[in-house]
Amino acid sequence: MFEERRRYFVFAALALAFVVVFLQRMGMTVIASDLLAELKLDKGQLGLLGSVFLYSYAAVQFFAGILADNYGPRRVVVFFLSFSVVGGLIFVNAQGLESAALGRAMCGGGCGVIISSSFVALNRWFPVHQYTMACGVFFAMGGLGGLLATAPLSALKMAVGWRATYAGITGLGLLALILIWIFVRDYTGPEQEQSLRTGKSALGNIRDNFKDLAKNRNFWLLLMHNASLPGFYYAFIALWAGPYLREVYQLPDLTIGGILTMGAMGFLIGAPLVAWLSEAVFKSHKLALIFFCPVGAIPVILLVFFTDSLNIPALYFLVLCTGFAANAPNAVRYTMTRELLGAHVVGTVGGIYTCVVFGVGGSLQILTGHALDLCKTAGFSIASAYSAAFSIFIACVLLSTAASLLLPETFGREPKVN
């Protein structure tokens, strides 16, 4: 009986790890002012510290999906997540940029395997008719982590300080590691393990998979869609939203935390909602992607053209739209990946997706920080500097829209067979 229900324990253990991932990477905007003051950083250095997590996260992603596809998600997650726990301990004891960056790099690398390995596990443990909704709820758990990383984390930081707050996040990561070791299994049984192994060496499978992906137009379109608005989300919400709201609008930390909560709410509500809309209402995966293109344009327009003229409700709306547009289509995109590219490469492609999106997000964090410093040197006002720096996000909206229009419809397709 327990083995029949194991899929739900597998889901729960991996979902907890995903919550920890969001606490680690989204909480930086809450403690940004503390890091600037205590570690004596300038904004360019803060951008570097924020991006080092994303860069190490992205670098591991490239290999995470490949490893999970070929060697199993359980051992991959347990091995790498242990590095995140050690990195968390280094970060909370950091006294300068170098040690803080080392800790954040280890946290990013350790957390980097979670999403790709989780989708390999979900692909193996959930049947086709449950897969899209399982993905949607899984992404919603990331939204829950993002929600906790805003006002609740801000309140906790004010009560116990940023170091104790991140020590708690590290402890939660250790708990997730233990639960994954206990409950997660790489396959549902020996029959599935045999069916997923083609008789080639792991290296042969990897080489052939990459050759097939490189020649597949839909892979490049899905990659472009995945890198655009999510890249904007991680550049803005994960780092620069806090300083922007503090410097342009002079808002206190608790108010900023409340506003940032809306990004997580967009994530939390959006993924399962869009999964349901695509399957039950639109009966179209392509239409679900296109539907959210205008939603993604709203926050960029507000940031660039109405930088310092928004009221508090408009700021809540801006952040909600950012979270919704960037993250709501995720479950549908992974379903399209399974149907267009094949179930056997879900982990590999998921790793590439996340590698690219966090590479883009990290680059945008650094570019935004340097743009702000350059504008300050040039004598721009604070609002004008943020407006100019945020202009680069326009490209994210254009790329997302182009990919949504060019991708084929996949609703009703069976997953591509290897």
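In the predicted model, Phe 18 is buried, with a relative accessibility of 1%. Phe 138 is likewise assigned to the buried class, at 1% relative accessibility. These residues contribute to one of the 27 aromatic pairs in the structure. The ring centres of Phe 18 and Phe 138 are separated by 4.6 Å and their planes meet at 10°, so the pair is classed as stacked. Another arginine placed over an aromatic face is Arg 104, which lies 5.3 Å from the ring centre of Phe 91.

An edge-to-face arrangement is found for Phe 236 and Phe 390, with 5.5 Å between the centres and 85° between the planes. This pair, too, links distant parts of the chain: Phe 236 lies in helix α12 (residues 217-249) and Phe 390 in helix α19 (residues 382-390), at a separation of 154 residues. Phe 236 is buried at a relative accessible area of 1%, and Phe 390 is buried at 0%.

Two salt bridges were identified in a search of the whole structure. In one of them, Lys 157 is paired with Asp 34, with 2.9 Å between the closest N and O atoms. Lys 157 is located in helix α8 (residues 151-160) and Asp 34 in helix α2 (residues 28-38); the bridge therefore ties together parts 123 residues apart in sequence. Lys 157 is buried, at 6% relative accessibility, whereas Asp 34 is partly exposed, with a relative accessible area of 23%. A salt bridge also connects the side chains of Glu 38 and Arg 163, at an N to O distance of 2.7 Å. Because Glu 38 lies in helix α2 and Arg 163 in helix α9 (residues 162-183), this pair ties together parts that are 125 residues apart in sequence. Glu 38 is partly exposed, with a relative accessible area of 38%.

Just after α18, Gly 379 adopts a positive phi of about 90°.

Notes. Residues numbered from 1 in each chain as written. Predicted model: local features only at pLDDT ≥ 70, side-chain atom pairs only at ≥ 80, totals over all residues. Heavy atoms only, no water. Phe/Tyr/Trp six-rings, centres within 6.5 Å; stacked < 30°, edge-to-face > 60°. Buried < 20%, exposed > 50% of the residue type's maximum accessible area, 1.4 Å probe, protein only. Helix = DSSP H or I, 4+ residues; strand = E, 2+ residues; numbered from the N terminus. Lys NZ or Arg CZ within 6 Å of the ring centre and 35° of its normal. Salt bridge = Lys/Arg side-chain N within 4 Å of Asp/Glu carboxyl O.
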